[in-house]
Amino acid sequence: MQHGESLRTTCGRMAEGLAVGALDWLLIAARTTDAGLVWGSTATDDETDPSLYSGSAGIVLALLEAQHHFDDDRYGDAAQRGARALAAAVEREKACSLYFGLTGMAFALHAVGALLNDTSATTAAQSALRHVRSRFDGHRWGDMFELLAGNAGIGLGALSCGDHDLAVLAVEPYVRTADPTPGGVNWAVRPSPPRSHHMAHGTLGIVVALATIGNATGRRDLIDLALAGAADVVARDEAGPDGFLVPHSDPQHLPDLIARYSYGWCNGPAGDAQAFRLLRAITDGPAWDALADRCWHTVTRSGLPRRIRPGFWDNNGSCCGTAGVLALACDRHVERQERSGFGAGLVDDLAARATADAQGVRWSNHEHRATPSVLEPRTGWAMGNAGIIRELLRFARISADRDPAYAVAWPGHPVARPASTRSAGSSTRTSLP
């Protein structure tokens, strides 16, 4: 065995061990109710959180990943108990979004139904989506009009649950509301003037929804609109020709609180690359590969995961931190057979930042403007254990030459396939506008 392969295997075993400890902590953090297992956003939170972003729905999905990875019914049983509590909460939930409301709960329930043959979970998922559909006002579901809290996420979540009609209903308003720009189009995503550009709250999150749903339903007009949105973001790049870095928003949203440039999944090139990967898969346009490479160039030279200045890289999670970058590193390994060591370095950093004791493993993020700056460990997908577990287990499988596929494909995260197979599923052909 080559030395590099030995190090990769060792790092994979460490990743798997961290994930086991992180799962232990999640199970200890769960509270048993008459309905099933529930979680708060932290282990000490008295309020239960059913959301995909920070609560039970994301945790249930992490448990499904663990059941898939270890073939251990202990995790599947916990996922079903969590799903029962989610089902009981459907009638009480007022929010409709993917990350903060009913659509995310439906996505988790649908996954439990499909993977564990749980018909009651499937029925609850369908009920949740009926509530979502009934609350549509013909244009949107709330003030936000993007991926995390708005139409784009609802469309992707509905599509993941097999509801193509609701998916199209959610994204068609973007056709009517796109604003022309010098580079393409963008959208007003919040009540205030700033236009955001990236995955979480901006243009690229909408692009991913339009392209994914357009491809699944044969709507070329939605794909074309997605390409125009992507062109707007590409025109804003400030790091070419080798890199790719676009500001958070224009005019800058909350400039006293939000950095002008970020590097993670939510508002930076780690997420931008995911949008470009999707457009490559749908259009078979090689220019998208070049853009994804430029994003990776910027990410790997940004200094992360080191805390090189106050406020830089203080998060370990999937949304804004290390786990989200690890997801992209693993995608590139599958698609390009890259073994640069950067992904292993991210795992090493997660190991160094972990708290491990008799209760298990968890991670504390930091807020440099607060005292104390060390924040309470979080349970969910975005900032906590659930999202980190998902990526650690996948890294461990890749390191052991096992199937790198997730148990549950995440809405908006393109499935990684080796380069030799990627063109076979393309439905249209175009290059970068």
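Buried here means under 20% relative accessible area, exposed means over 50%, and partly exposed is anything in between (1.4 Å probe, protein chains only). Some notes on the chain follow.

1. What we are looking at. This is a predicted model, where local features need pLDDT of at least 70, side-chain atom pairs count only at pLDDT 80 or more, and totals for chains, interfaces and linings use all residues. Residues are numbered from 1 along each chain as its sequence is written, and side-chain values use heavy atoms, with hydrogens and water left out.

2. Overall build. The chain has 15 helices and eight strands; these are DSSP runs numbered from the N terminus, with helices being H or I of at least four residues and strands E of at least two. The C-alpha trace spans about 55 × 55 × 50 Å along its principal axes. Its radius of gyration is 20 Å, which agrees with the value near 22 Å that a compact globule of 433 residues would have. For that comparison, the radius is taken over C-alpha atoms and the globule rule is 2.2 Å times the number of residues to the power 0.38.

3. Inside and surface. Of the 433 residues, 58% are buried. Take the contacts (heavy atoms within 4.5 Å) with a separation of 6 or more: residues 24 or more positions apart account for 67% of them. The chain exposes about 16,500 Å², with carbon and sulfur atoms supplying 52% of that area. The areas come from the Shrake-Rupley method with a 1.4 Å probe, and for residues only the protein chains shown count as cover.

4. Charges. There are 40 positive and 47 negative charges, and their mean positions are 2 Å apart.

5. The β7/β8 hairpin. Strands β7 (residues 354-357) and β8 (residues 360-363) run antiparallel and are joined by four bridges; pairing takes at least two bridges found by DSSP. Two residues sit between the strands of this hairpin. T355 has R362 of β8 as its bridge partner. In a regular strand the side chains alternate between the two faces of the sheet. In β8, G360 and R362 point one way while V361 and W363 point the other, and all are buried.

6. H197. This residue lies in the loop between β5 (195-196) and α8 (203-217). H197 counts as buried because its relative accessibility is 0%. Setting aside neighbours within four places in sequence, the contacts of H197 include T203, L204, V233, R236, H248 and D250.

7. Two cis peptide bonds to check. Most residues other than glycine have a negative phi, and most peptide bonds are trans. D250 and P251 are joined by a cis bond with omega of about -15°. P251 is in the loop between β6 (249-250) and α10 (269-283). A cis bond also runs from L304 to P305, with omega near 10°, and P305 is in the loop between α11 (286-300) and α12 (322-336).

8. Two positive phi values. L254 is not a glycine, yet its phi is positive at about 45°. The loop between β6 and α10 holds L254, which counts as partly exposed because its relative accessible area is 43%. D401 has a positive phi too, near 60°, and lies in the loop between α14 (385-399) and α15 (419-422). With 59% relative accessibility, D401 counts as exposed.

9. D163 is in the loop between α6 (151-160) and α7 (164-177), and its 17% relative accessibility makes it buried. Not counting residues up to four places away in sequence, D163 touches L129, R133 and A158. I223 is in helix α9 (residues 220-235) and is also buried, at 3% relative accessibility. The C-alpha atoms of I223 and L279 are 9.0 Å apart, though the two residues are 56 apart along the chain.

Technical notes:
Lys and Arg count as positive and Asp and Glu as negative; His and the chain ends are not counted. The place of a charge is taken as NZ of Lys, CZ of Arg, CG of Asp or CD of Glu.
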